[in-house]
Amino acid sequence: MVSKNCYDVTTWPVGNPYEDVGEVINAIIADIKSRQTATDVNEGGKPGAVIYIPPGDYHLRTQVVIDISYLRIEGSGHGFTSSSIRYNVPKNEWADLHELWPGGSRILVDIPIKGDADESKGAAFYIERTGSPRISSVEFSNFCIDGLHFNPDGSGIHPENSYRNGKTGIYVASANDSFRVTGMGLVYLEHGLTVYHADALSIHDNFIAECGNCIELRGWGQASKITDNLIGAGFNGHSISAQNHGGLLITANNVFPRGASSVELDGVTRSSITNNRLHSFYPGMVALKANCSENLVAANHFLRDHEPWEPFLGIDNGMDDPYGLLRVSGESNSVIGNHFSAVIDSQRISPPGATPVIMRLVSGSGNYVANNHVVAVDVRARTSDSCFSAQVDALLTTTGSGQLAVTTVLVEAASSRNTVLDSGDDAQVVMDRAANAFRPTPSISTSHATVP
Amino acid sequence: MVSKNCYDVTTWPVGNPYEDVGEVINAIIADIKSRQTATDVNEGGKPGAVIYIPPGDYHLRTQVVIDISYLRIEGSGHGFTSSSIRYNVPKNEWADLHELWPGGSRILVDIPIKGDADESKGAAFYIERTGSPRISSVEFSNFCIDGLHFNPDGSGIHPENSYRNGKTGIYVASANDSFRVTGMGLVYLEHGLTVYHADALSIHDNFIAECGNCIELRGWGQASKITDNLIGAGFNGHSISAQNHGGLLITANNVFPRGASSVELDGVTRSSITNNRLHSFYPGMVALKANCSENLVAANHFLRDHEPWEPFLGIDNGMDDPYGLLRVSGESNSVIGNHFSAVIDSQRISPPGATPVIMRLVSGSGNYVANNHVVAVDVRARTSDSCFSAQVDALLTTTGSGQLAVTTVLVEAASSRNTVLDSGDDAQVVMDRAANAFRPTPSISTSHATVP
Amino acid sequence: MVSKNCYDVTTWPVGNPYEDVGEVINAIIADIKSRQTATDVNEGGKPGAVIYIPPGDYHLRTQVVIDISYLRIEGSGHGFTSSSIRYNVPKNEWADLHELWPGGSRILVDIPIKGDADESKGAAFYIERTGSPRISSVEFSNFCIDGLHFNPDGSGIHPENSYRNGKTGIYVASANDSFRVTGMGLVYLEHGLTVYHADALSIHDNFIAECGNCIELRGWGQASKITDNLIGAGFNGHSISAQNHGGLLITANNVFPRGASSVELDGVTRSSITNNRLHSFYPGMVALKANCSENLVAANHFLRDHEPWEPFLGIDNGMDDPYGLLRVSGESNSVIGNHFSAVIDSQRISPPGATPVIMRLVSGSGNYVANNHVVAVDVRARTSDSCFSAQVDALLTTTGSGQLAVTTVLVEAASSRNTVLDSGDDAQVVMDRAANAFRPTPSISTSHATVP
């Protein structure tokens, strides 16, 4: 390629990309900036560049710092594989494994982490620019960022299962516009993708799993989308979280365990969680916190069952069964047309004897909960030392020892003037019926009466 | 790359791509055609080609004319930035801006426009082929088409805010099959993407904003999809519009203001508007016109609030508040499970004293409106000279001076035999109850009675 | 490109890619493996590679066998065109056609097929690896796999309309993780994409049509997604099918005729079919078979009308009208907020005089069917020898000779304890009301009574 705006990390003369691709990319960015001398004459001047990362293993020992718009970094392979499964294979079997590590166009994050450092210091890619306009249209596409190892965290679990290492894949520190993250594979990072102050951000068709936290939209932001991703955080982190966003669209994601939460929103308004498939081993799958208002939670499939894989038995997110699979604090949200499956071993309910809660309205008023179908099954939980077969087996297990009694909707006293329709029968919906509107799902006997 | 079917505009010997990339691409197309001499022997012959546009600024002074199938034009950066914000920054502050223009692989549309010319003359990319088969599998991917400026339109507003310049990004004039538009950035064009007679068209994951109109499917067509895009038209145009389409799927889009409409369908049947996030500053957000029938509008989030940005204060789409946020003319449509937020300053309702309407059925019969949640809040509108902070601020504003009285569903006398369920209480639904079926959303008092 | 991990089939020294691209790709894979000598030292070693297929016609006479992770095969054009339309154009008009064949980066599958061979022998790309870990992150992107011809199948129809040729595009035989199939065009294959034992598979934004079967997930699997595709199988095959999957997300697809089924699930649990546009010429559009449980079918648009194109008149999938457009065998599924259009010629109902069924619950219990809108129109079917205009014409036809009487929900005696809400009036829902819960959609007269 003759254009000077196309770079390849393996051919750039500065540095050694296999030893420190961070040094190489920073040198390329410096070169791009040195050539951006045009003062926007003739309606142009700073078009940016593309940096290509061929398939290969590239250690990153120097943080990449991006402060120019229109930079696209792309590879030819998202390269995900499960490091978690490998680390939980006995080490004397490793020699028999076809490969040990993720692959594709792979960045190995080897940044030295200091325990007390600013969290952003551990990011492989750090984006910040002050002044105006906001940095725009930085794109990450189709490569792998691998944090390599997790560290002991004092909990006594296998160090590689801690989901702690102080590393972040991509960290955007300042207000930004029209960023795009597509086709990436992020693995074994404490934070996969952390973005402050996003406008019109697109996070689409990525594979972000086995990270402490996967996607975190922080500070505030608007009009963004998190769509069509495969996502699964560690037991102590968030798969998708957002603070103070408006007009966020979270859709078509397949979010798998573990994840302390599948989706956690904090002060988020007028946003959508629709049409996702959500799976968790704990309560608190979707949490709308801190006055989340006027959001739509619709057409999602929620599944909560038990941890089937031995290395993580006994670990959870600390929430007990009455916490709610969906928990809402705030005004005027809509919860419409969702399916909830709670596949629970009644012997393992926490606290013992409690009734699990599916949807819990904690505070706020004017929420509209309609046409949600709750299925609760009492199943003897089984476990295995094989992650994949255990999960598939659990997923496909449909015969239990019977129905499980649950509260489908619980409205706390601090929440009122809500409307609950066809989301549970009279016994399953617990709330002050003088303070909230209610129509129970017709039962066989009551429905009989409605037929003339 | 050794294959003759891979072209790069910066290395092609004809023309200067920086001065007129249109001339270069047309020369490349001529070369492709000159090599397509095989008469489809041995089951092959005309595979097409890819034309690569590296990151850079490329003026286009000659319209590109495409009349061959299987042509892919791709860049390495969608390059969107807000030109609208920049043009509304005082010019004496421009020197402090990091950059003035969009970037990435950027086409600068410099076609001379004659006021009275056929609209298609202003298109950067013009596709037409007569005869059989229909032209197939033309692909546009990951580059930027920038219309540069808007022009005075006599309205007295800032010329760069007029959304008029006679320019179109991509214009498909004849029947086509299996086209694909992905990852593009279209900005400051009067028409972004205009496609006649589409079959199995995919418009996916693009950023099409600050265009007079963004996506227009004209004539007729079928079985296409508009999915996962970030879209926002000018105040006087359509974000998404379609005529006489069947089986169109509009989903997972985040459509932001301004846009005279977010989605406007005309004679469209058996299509879906589902699972989108839609935001507008005016009524008429989604309009089903001219006998649209058997369509599904479901699981969408509608937000209508007020213009917060000073340069556009006082501008609207001419519709008043009773017009309806969703307006339906036609038979047998389904409106199910949508959330509507109307965040309106009661002092600014038009005409003064009117009751805003959320869903309005204008004509036709047999429409099914169920389980829609309407939230209407009376909020003192605030404005700012900063577009981003004003919008975020408005989006996150949740405390108003109280509830706003609205008509959630209004059925005109010309429309009958509709069914309206759980989409408003008795006072909020205005229609002839002898001509339409109705079940009010239970209120606290009425629901009480339903509990045995 | 200097990296040894980037290959181009047109520049590799072994074989002739135009004569047998299979031989070339196998030689490249052998080269990759010969270079993977590192024993995963320094946390790396087997990153994989990308193989590029430029636009062009490449015969494949040797099956490609993939047994390494992190291999990406990519082209620059999905190249779909309708071979079906072309084959049904009179041969004396072929000289007038612009082109006869699909294009883009096109693989012509020329593998010799033996009638009695193992089905997998006819696959262009065959993936299998035993041992651990499962093969991961193989990616197929943006090229065309063309099966060229269908063969006589003894049915007496035009041989090229048989949808039988023993060829498969991509066949994954062993357990796999994080595979990705994106932007592909598959055409005229008996099986487009067949994957056994998938985990976290992504099939996204492809064009898979005019194949006997399009997407088949076999054996078992979990946590995968089939999203945003254009799909349409032959009359005797499945557009999307899956066996024993858990947590499968099927969303945002536009599935067009013919297809014996649009979506067929067998033993699938806790999965979603949401937000798709589905169109068929026969009953049995969506079938949940063999104890499918706890699945969500929501916000889909179903259209069933008649075959309008002459070459396929009289062909169907063998199901008669009472079979159901949606047919459910299993426990605790949710069917919420779907639109169904049945546009049927009452003179062509099979068997004559039968009442068509829209949703049919065959076995199992605890299913929840709510807020589905059924539109049934009696339309005189019209046909044409032009596929496109016939289909568009049929799609846009909205005026019939009147309403058609249908059973919106039929619950067989073998299925009980289901809940059916607002999905048909008392006459339209056929079931044992003592064994199932029911609330009829309010009619004009009954709804009157609910208003105080």
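In the predicted model, A:Arg417 is found in the loop between strand E39 (415-416) and strand E40 (419-421) of chain A. The phi angle of A:Arg417 is near 55°, a positive value in a residue other than glycine, and A:Arg417 is exposed, with a relative accessible area of 54%. Most residues other than glycine have a negative phi, and most peptide bonds are trans.

A cis peptide bond, with omega of about -10°, joins A:Ser132 and A:Pro133, and A:Pro133 lies in the loop between E7 and E8 of chain A. In chain B, the peptide bond from B:Ser350 to B:Pro351 is cis, with omega near -10°, and B:Pro351 is located in the loop between strand E33 (339-344) and strand E34 (357-365) of that chain.

The loop that holds A:Pro133, between strand E7 (123-127) and strand E8 (135-136) of chain A, also contains A:Arg134. A:Arg134 has a relative accessible area of 15% and is therefore classed as buried, the cut-off for this class being under 20%. Its side chain makes a polar contact with the side chain of A:Asp199, at 2.8 Å. When neighbours within four places in sequence are left aside, the contacts of A:Arg134 in chain A are with A:Ser69, A:Arg129, A:Ala175, A:Asn176, A:Asp177 and A:Asp199, and those in chain B are with B:Ile85, B:Glu99 and B:Phe388.

The contact between chain A and chain C takes 79 residues from chain A and 87 residues from chain C. The area buried between these two chains is about 6100 Å², of which 55% comes from carbon and sulfur atoms. On the side of chain A, A:His98, A:Glu99 and A:Phe388 supply 12% of the area that chain A buries against chain C, more than any other three residues. Five salt bridges are found by the rule across the interface of chain A and chain C; in one salt bridge, A:Asp422 is paired with C:Arg439, with the closest N and O atoms 2.6 Å apart. The count of residue pairs in polar contact between chain A and chain C, with both residues at pLDDT 80 or more, is 36.

Several elements of chain A each supply at least two residues of the side that touches chain C, namely strand E3 (56-60), strand E6 (105-109), strand E30 (301-304), strand E33 (339-344), strand E36 (373-378), helix H3 (387-396) and helix H4 (444-450). H3(A) gives the most to this side of chain A, with six residues. By class, the residues of chain A that touch chain C divide into 30 nonpolar, 39 polar and 10 charged.

H3(A) is itself mostly covered, with seven of its 10 residues buried. The buried residues are A:Cys387, A:Phe388, A:Ala390, A:Gln391, A:Val392, A:Ala394 and A:Leu395, and A:Phe388 is also one of the three residues that together supply 12% of the area that chain A buries against chain C. Within chain A, the buried residues of H3(A) pack against helix H2 (83-87), strand E27 (277-280) and E30, and in chain C they pack against strand E15 (191-199), strand E18 (213-222) and strand E22 (245-246).

The contact between chain B and chain C takes 87 residues from chain B and 80 residues from chain C, and the area buried between them is about 6100 Å², with carbon and sulfur atoms giving 55%. In chain B, B:Glu43, B:Arg180 and B:Arg270 lose the most area to chain C, together 13% of what that side buries. The rule finds five salt bridges across the interface of chain B and chain C; B:Lys225 forms a salt bridge with C:Asp205, in which the closest N and O atoms are 3.0 Å apart. Between chain B and chain C, 37 residue pairs are in polar contact, both residues being at pLDDT 80 or more, and the side of chain B that touches chain C has 26 nonpolar, 42 polar and 19 charged residues.

Chain B is superposed on chain C by a rotation of 120° with 0.0 Å of shift along its axis, the RMSD being 0.0 Å. The two copies are thus related as by a three-fold rotation axis. The copies use different surfaces in their contact, since 7% of the contact residues of chain B recur in chain C.

Terms used
Residues are numbered from 1 along each chain as its sequence is written. Chains are lettered from A and ligands numbered from 1 in the order in which they are written. This is a predicted model: local features need pLDDT of at least 70, side-chain atom pairs count only at pLDDT 80 or more; totals for chains, interfaces and linings use all residues. Side-chain values use heavy atoms; hydrogens and water are left out. Contact means heavy atoms within 4.5 Å. Buried area is the accessible area (1.4 Å probe) that two parts lose on being put together, summed over both. A salt bridge is a side-chain nitrogen of Lys or Arg within 4 Å of a carboxyl oxygen of Asp or Glu. A polar contact is a pair of N or O atoms within 3.5 Å; within protein, one must be able to donate a hydrogen and the other to accept it, and residues adjacent in sequence count only if both atoms are side-chain atoms. Helices (H or I, at least four residues) and strands (E, at least two) are DSSP runs, numbered from the N terminus. Ala, Val, Leu, Ile, Met, Phe, Trp, Tyr, Cys and Pro count as nonpolar, Asp, Glu, Lys and Arg as charged, and the others, Gly among them, as polar. Copies are superposed by least squares on the C-alpha atoms of residues with pLDDT of at least 70 in both. Buried means under 20% relative accessible area, exposed over 50%, partly exposed in between (1.4 Å probe, protein chains only).
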